[in-house]
Amino acid sequence: MKIIMLGAPGAGKGTQAKMISDKYNIPHISTGDIFRANIKEGTELGKKAKTYMDAGALVPDELVVDLVVDRVAKDDCANGYVLDGFPRTIPQAKALDEALAKNGVKIDFAIDVEVPDENIINRMSGRRACVECGATYHIKYAPTKVENVCDRCGNELILRDDDKPETVKKRLDVYHEQTQPLIDYYNEAGILAEVDGTKDMMDVFGDITELLK
Ligand code: AMP
């Protein structure tokens with residue numbers, strides 16, 4: 001099963017993607033995580049990506065398309081995958097479709113997790129990420145057992161630069177302008193599925209698993 005997660009930054013698509021990945025035993029491929037790992041390792045790609053990410057802008061298509069096309073060609077993707085944060089522009093979606101078509105494959109579902117902007121701004125300001133392993137929490141909706149300490153690895157939590165309110169507003173503008181057109185794109189392709197992302201996390205997941213049946 002090849003799945004794309006759509007939705008604004010902070011809509012919860014990463015959380016849902018992780019749960020889909022665990023349930024269906026397919027890799028969770030998050031371009032944001034790939035960039036953050038590169039930033040942490042100090043790679044050239046990381047250095048280039050960081051300037052865009054910190055400004056709430058998208059990393060240029062040419063830095064992301066090959067990365068994903070190569071990743072989905074790996075053996076562990078033979079039974080499918082869930083893409084989280086890619087594609088984010090129409091050119092990225094077209095490039096992915098073309099690369100897949102060469103091997104006669106197609107995306108099965110594009111799942112749009114819908115959440116209004118005002119809920120997003122509320123959610124993002126409470127989001128915290130581990131400096132070490134990148135795990136994400138929410139001070140109200142998904143708190144850690146010990147305040148400001150990662151449940152997974154015990155390191156400190158921070159408000160990511162790209163989750164700061166001014167950056168979130170910019171990211172939402174970018175989302176509406178560049179990523180939202182993908183909803184029509186996948187609707188026209190007949191693979192769009194929409195879920196109400198304002199519901200409780202497990203209810204959203206229940207709706208998604210129903211759709212995937
Ligand atoms: P995310 O964790 O998916 O919200 O991604 C964090 C940031 O990484 C985004 O705000 C972009 O700057 C960058 N990014 C992630 N995926 C993409 C993509 N497919 N195209 C362009 N930029 C991306």
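Four bridges tie strand 1 (residues 2–6) to strand 3 (residues 81–84), and the two run parallel. Strands here are DSSP runs (E, at least two residues) and helices are H or I runs of at least four, numbered from the N terminus. Two strands count as paired if DSSP finds at least two bridges between them. Within strand 3, Asp-84 stands opposite Met-5.

This is a predicted model: local features need pLDDT of at least 70, side-chain atom pairs count only at pLDDT 80 or more, and totals for chains, interfaces and linings use all residues. Residues are numbered from 1 along each chain as its sequence is written, and side-chain values use heavy atoms, with hydrogens and water left out.

Axes are lines fitted to C-alpha atoms, for helices over the stretch in contact; angles run from 0 to 180 degrees between N-to-C directions. Contact means heavy atoms within 4.5 Å.

Three strands form an open sheet in the order 6-5-7, paired antiparallel. Strand 6 and strand 7 (157–158) are at the edges with a single partner strand each, so one side of each is left without a neighbour in the sheet. Three bridges join strand 5 to strand 6. Arg-128 has Tyr-137 of strand 6 as its bridge partner. Helix 6 (residues 117–125) lies across strand 5 and strand 6, at about 45° to strand 5.

Domain 1 covers 2–115 + 166–212, and domain 2 covers 126–163. The bounds come from an automatic or database domain assignment. Their centres, taken over C-alpha atoms, are 22 Å apart. Nine residues of domain 1 are in contact with seven of domain 2. Together the domains bury about 690 Å², 37% of it on carbon and sulfur atoms. In domain 1, Arg-36, Lys-40 and Arg-171 lose the most area to domain 2, together 50% of what that side buries. Buried area is the accessible area (1.4 Å probe) that two parts lose on being put together, summed over both.

Three salt bridges run between the domains, while the structure holds 14. A salt bridge is a side-chain nitrogen of Lys or Arg within 4 Å of a carboxyl oxygen of Asp or Glu. Two examples follow.

| Salt bridge | N to O distance |
|---|---|
| Arg-171 and Asp-162 | 4.0 Å |
| Lys-40 and Glu-132 | 3.5 Å |

The pair of Lys-40 and Glu-132 links distant parts of the chain, 92 residues apart. Lys-40 is in helix 2, and Glu-132 is in the loop between strand 5 (127–130) and strand 6 (136–138).

**Backbone exceptions.** Most residues other than glycine have a negative phi, and most peptide bonds are trans. The peptide bond from Phe-86 to Pro-87 is cis, with omega near -5°. Pro-87 lies in the loop between strand 3 and helix 5 (90–101). Asn-25 has a positive phi, near 60°. Asn-25 sits in the loop between helix 1 (13–24) and strand 2.
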